[in-house]
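Here are my notes on the model, as numbered points. Please read them with the structure open.

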Amino acid sequence: MLVVGLFATAAAEILPPALRRVREAHPRLAVHSRDMDVDEVYDAVASGAVDLALGLDHPDVPIPRDPALRVTQLYRERFSLAVPTGWLDGREEVALSDTRNLGWILPSPDSYYGRAVRTACRRVGIEPDVQHEVTDTAATPALVESGIGVSTVTDLMLRLRASHFDVVRLRETVEPHIVVVFRSFAEHRPTVAALVDVLRAVAGTRRGTPT
């Protein structure tokens, strides 16, 4: 049996097809899942609370690297800007510097995601005006479509719920990486190797840039 830790977006979009593939290709492999905060998955693997986990790695604020753990990239996504309908007059692309006077909805700066977006904004000389600190990836688009502010979104996030707002391409490349984390000594465990292979296969069918 393997215990997999994963955050909400991965649980909704990646876990179901992965479990289907496991049942078909490895019917004797039992997989249990555990939902957790995305910033907790690395420590959960390190402590042995889970056998492996799906997480997010932001190049601007990378998760710690430990020789005892393996961090394997599955694919890259790219942030776009979610904007209340009509705020940017139908523009197809926007620079982060153009958001200087817009209110933002972002996770806390204590989170990897929150720090990564703030770092990208600071690189172009602005400090995002964060008016609402929200972690829930379902609550954020609801606030955007209510005209509360702007936020970053990926294709994976957009598939979680039908949303009614403008999605504008960002001129800057800001990419969260979907990764799988497991302990180094388990790299050649047949069950772990099998599940990592399944996750790679599922990643290849997702939108984004497969590795």
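1. A definition comes first. Two rings of Phe, Tyr or Trp (its six-membered ring) pair if their centres lie within 6.5 Å. Planes under 30 degrees apart count as stacked, and over 60 as edge-to-face. The rest are tilted. Please also keep in mind that this is a predicted model.

2. How many aromatic pairs does a search of the whole structure find? The search gives 1. F79 and Y113 form a stacked pair, because their ring centres are 5.3 Å apart and their planes stand at 10°. The pair links distant parts of the chain. F79 sits in the loop between β4 (69–76) and β5 (80–83). Y113 belongs to helix α4 (residues 112–123).

3. Are the two partners buried or exposed? F79 is buried, and Y113 is buried too.

4. Now the overall fold. The chain has 7 helices and 12 strands. Its radius of gyration is 18 Å, close to the 17 Å from the globule rule for 211 residues, so the chain is as compact as a globular protein of that length. The C-alpha trace spans about 55 × 35 × 25 Å along its principal axes.

5. Next, burial and contacts. Of the 211 residues in the chain, 48% are buried. Take the contacts between residues at least 6 apart in sequence: 79% of them join residues at least 24 apart.

6. Surface and charge follow. The accessible surface of the chain is about 10,100 Å². Carbon and sulfur atoms account for 48% of that surface. The chain carries 24 positive and 28 negative side chains. The centres of these two sets lie 6 Å apart.

7. Look at T9, in helix α1 (residues 8–13). Its relative accessibility is 5%, so T9 counts as buried; the cut-off for buried is under 20%. Which residues does T9 touch, leaving out those up to four places away in sequence? They are I14, T137, L156, M157 and L160.

8. D89 lies in the loop between β5 and β6 (93–94). Why does D89 count as exposed? Its relative accessibility is 73%, and exposed means over 50%. D89 and D155 are 66 residues apart in sequence. From C-alpha to C-alpha, D89 and D155 are 22 Å apart in space.

Methods: Residues are numbered from 1 along each chain as its sequence is written. This is a predicted model: local features need pLDDT of at least 70, side-chain atom pairs count only at pLDDT 80 or more; totals for chains, interfaces and linings use all residues. Side-chain values use heavy atoms; hydrogens and water are left out. Helices (H or I, at least four residues) and strands (E, at least two) are DSSP runs, numbered from the N terminus. Buried means under 20% relative accessible area, exposed over 50%, partly exposed in between (1.4 Å probe, protein chains only). The radius of gyration is taken over C-alpha atoms; the globule rule is 2.2 Å times the number of residues to the power 0.38. Contact means heavy atoms within 4.5 Å. Accessible areas come from the Shrake-Rupley method with a 1.4 Å probe; for residues, only the protein chains shown count as cover. Lys and Arg count as positive and Asp and Glu as negative; His and the chain ends are not counted. The place of a charge is taken as NZ of Lys, CZ of Arg, CG of Asp or CD of Glu.
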